[in-house]
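Keep the viewer open while reading.

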Amino acid sequence: MMESQEITQGAYNQITTYEFVGAAGTGKSQRAQTVAAMLDADYIIDDGLVIHKGSIVCGRSAKSEKNQISAIRRAMFEYNDHRKEAMDFFASVAPCSIMVIGTSEDMAMKILRKLRLPPASRIVHIEEVSSPEEIAKARNERFKKGQHVIPVSHVLVRKNFAGKLVGQLRVFWKAKDKGEGEKTIVRPPFSFYGDVHIEPEAIMQIAEFVASHTTQVVKVESVEVTPEEESLSIEIKVVVTIGDKSFVALAKLVKERIAVSVRYFTGINVKNVDVTITEVQIA
């Protein structure tokens, strides 16, 4: 354990970080490779991906997630396996320099902290490298067309992205590696902006709605949500009626529907759903 901590600390001291920040849809990813070259950054962290010279070296794109909550968690490296993969990679390639892209200085700083990387030695804002006209054009692509730019090859995006591939950009400038100028336009299955907070009451309402709209469930008596690390547990008590399904099969169906719905709408892992039938009504 001590040896691992010393290696991690040593790697930490050999890594230089930068932040490239700007509001959502202002064209950060389109400018990412240019800014990284200007800062002499070896790696780019963008929406959950670690990118090197136009190639994905580790991570998973937040734009591959099916809902906005899990996408935000992916972009912020809140999943243990995702975070560990990135941390182990950076420890293995140190000394190096890294540029993290964020919608704000606070977001970029949180990503650095999540990955246990040192604070940024320099912060570049989108307004420093893009004109007002270019930013306006980028925002039009994002908000009206729902298109995003990822600073990697379209071939790699096909392998790592679940949304719709829209097109390909190539920016021409002098570079050692032609792949550095390649970008891909995508349309993810959702759009997300800013932070999202989920109250336990929201989870309870989802569980109650799903259960009450299940055949043979007459009434939901109570719902309790218990947060746990990286997940949550749900306890629900229901009143049911006799029907085609046995009580065991009905409880299993309610359990599965709640777990799937909560995961889909919130992106939060559901560790367990306990269903208790407190009363049986006979019509």
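This is a predicted model: local features need pLDDT of at least 70, side-chain atom pairs count only at pLDDT 80 or more; totals for chains, interfaces and linings use all residues.

Residues are numbered from 1 along each chain as its sequence is written, and side-chain values use heavy atoms, with hydrogens and water left out.

**Terms**

- Helices (H or I, at least four residues) and strands (E, at least two) are DSSP runs, numbered from the N terminus.
- Two strands pair if DSSP finds at least two bridges between them.
- Contact means heavy atoms within 4.5 Å.
- Angles run from 0 to 180 degrees between N-to-C directions, with axes fitted to C-alpha atoms, for helices over the stretch in contact.

**The six-strand sheet**

- This open sheet of 6 strands runs in the order E4-E3-E2-E5-E1-E6, with mixed pairing.
- Its edge strands are E4 (55-59) and E6 (122-125), and each pairs on one side only.
- Neighbouring strands here are turned by 25 degrees against each other on average, direction ignored.
- E1 (residues 15-21) and E5 (residues 96-102) pair in the parallel sense over 7 bridges. Val21 has Gly102 in E5 as its bridge partner.
- Helix H2 (residues 28-39) packs on the sheet and touches E1, E2 (43-46), E5 and E6. The direction of H2 makes about 155 degrees with that of E5.
- Helix H4 (residues 80-93) lies across E1, E2, E3 (49-52), E4 and E5, at about 120 degrees to E4.

**The three-strand sheet**

- The 3 strands form an open sheet in the order E10-E11-E12, and the pairing is mixed.
- E10 and E12 each have a single partner strand, so one side of each is left without a neighbour in the sheet.
- Neighbouring strands of this sheet are turned by 15 degrees against each other on average, direction ignored.
- E11 and E12 pair in the parallel sense over 11 bridges. Val239 stands opposite Glu279 in E12.
- H8 packs on the sheet, touching E10 and E11, with its direction at about 150 degrees to that of E10.
- H9 also packs on the sheet, touching E10, E11 and E12, and its direction makes about 140 degrees with that of E12.

**Helix H8**

**Helix H9**

- Buried residues in H9 include Leu250, Val254, Ile258 and Val262.
- The buried residues of H9 pack against H3 (68-75), H8, E10, E11 and E12 (269-281).

**Backbone details**

- Ala94 and Pro95 are joined by a cis peptide bond, with omega about 5 degrees. Pro95 sits in the loop between H4 and E5.
- Asp40, in the loop between H2 and E2, has a positive phi near 60 degrees. Asp40 is exposed, at 59% relative accessibility.
- Gln216 has a positive phi of about 85 degrees although it is not a glycine. Gln216 lies in the loop between H8 and E10, and is buried at 10% relative accessible area.

Technical notes. Buried means under 20% relative accessible area, exposed over 50%, partly exposed in between (1.4 Å probe, protein chains only).
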